[in-house]
Amino acid sequence: MGNCCDCVVNFFGRPKNTNVRVSLPAVCFVWQIAMIVLFGVFIRYDEESDAHWVEYKREHNVTDIENDFYFRYPSFQDVHVMIFVGFGFLMTFLKRYSFGGVGFNFLIASFGLQWALLMQGWFHSLDHTTGKIYIGVESLINADFCCAGSLIAYGALLGKVSPVQLMVVTLFGITLFAVEEYIILSLLHCRDAGGSMVIHAFGGYYGLAISWVLYRPNLHQSKRLSGSVYHSDVFAMIGTLFLWMFWPSFNSAITDHGDGQHRAAINTYIALASSVLTTVAISSMSQKKGKLDMVHIQNATLAGGVAMGTAAEFMITPYGSLIVGFCCGIISTFGYLFVTPFLEKYFKIQDTCGIHNLHAVPGMLGGFIGAIVAAAATESVYSKEGLINTFDFEGKFADRSPGTQGGFQAAGTCVAIAFGLVGGAIVGFILRFPIWGDPADDNCYDDEVYWEVPEDEETIPPVLEYNNHMIHKHQDISESNFSVEQS
């Protein structure tokens, strides 16, 4: 028995080897070839993107302007920018990990959207008579949404995992997302247009659970590279602004045409604006001389958009949206100040980007806010037809009351959290096997591990600490934020 235990310890404790020359190309080639084969077998154009659209128009007496492309493509474009530019640049705050932040985001989103088209197709749009999945512009939006869950999880792991591990995280993340989305949206019949539950709560807790399993006790050895510098924070702020501007499109992209989509954009727009002011207020109050922390401005200002995801299409009212943004800006900023250091110290969760404060908690709150607003819905506010249209009370759900709908919305939030935590723990255990080429504790947050860095890269000064998403700075503000070793 003792020999067996020693073998396990030796296996998991082997020295880290970051050479991915074989594993990364193998994973990329094999999985991309698998996508080609599966697309060839299952994926086809839907009726609005097929060449038979000309005949369809004549038979159904419709025009090109009624093609869903013209309704959905502007929203798809905005969501696509959020996925590749917004999320990518938001992760460039680390002083020596900008290539990894935006480059690996590009990699896993490109793989994830292909796998998402298949997984979501099998669950939502598989034609059982032909055995084919028919895709259109709305399928592309949903695939981007599906990718967002894995990109959120990447935020907790930023700088600490290999690209091969990220591909594994994405493979399982997309799979789990498709299953929990089917349970929440189809079986429980929840409404979650902007994904507070299925995207943010799931993705946030999925990443946190993986990070917990992959805890690195000696991560302090990479502390010199775990913060930001002036220019890296500016690049990250570009990601913030892209996300902030396009979030109304994110929350309204797949809502029903007409009042629902219009209302979702308005509610998100208002909530985002409100969260900016409270974030700035709390950030300033937390420092003795009222200075602002860029970590808070980059992240907590987006919390209102996350929390409005579920209730965006409901009649929450404009002032209700302001209240949601107001509260979530405060909660998220307090999370960066106090909760993230607490989680690392006592729960061994090393959350690089602070996804607990931007996605997990606001997503959970957004799910429960949606439950409350749904339960409070009345015919006098929505009208009878408005209730049916907003909550899709048709078919076998025609007799469901708003109160019952609210209960199912709350249950859906719990399902998303459970899938994130349990699925993340299982995936984290898989990633602990020493075969993925992940860096050692003293070699994290450094692009040179997996990227060819230009030779004229400026020398990094021996900065001990500037801005760190994981550690709350308690130092006196009268002192400089920089501490430089004497030569």
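Which residues do ring pairs link into a cluster?

1. They are Tyr97, Phe99, Phe104, Tyr450 and Trp451. Rings of Phe, Tyr and Trp (its six-membered ring) pair if their centres lie within 6.5 Å; planes under 30 degrees apart are stacked, over 60 edge-to-face, and the rest tilted.

2. Before going on, note that this is a predicted model, where local features need pLDDT of at least 70, side-chain atom pairs count only at pLDDT 80 or more, and totals for chains, interfaces and linings use all residues. Numbering runs from 1 along each chain as its sequence is written, and side-chain values use heavy atoms, with hydrogens and water left out.

3. Searching the whole structure turns up 26 aromatic pairs. One of them joins Phe69 and Tyr70: with ring centres 5.4 Å apart and planes at 90 degrees, the pair is edge-to-face. Phe69 is partly exposed at 38% relative accessible area, and Tyr70 is partly exposed at 48%. (Buried means under 20%, exposed over 50%, partly exposed in between, using a 1.4 Å probe and protein chains only.)

4. Trp115 and Trp122 also pair edge-to-face, because their ring planes are at 85 degrees, with centres 5.9 Å apart. Trp115 is buried at 12% relative accessibility, while Trp122 is partly exposed at 28%.

5. Have a look at Arg400 too: its charged end sits over the ring of Phe408, 3.9 Å from the centre. That wording requires NZ of Lys or CZ of Arg within 6 Å of the ring centre and within 35 degrees of the ring normal.
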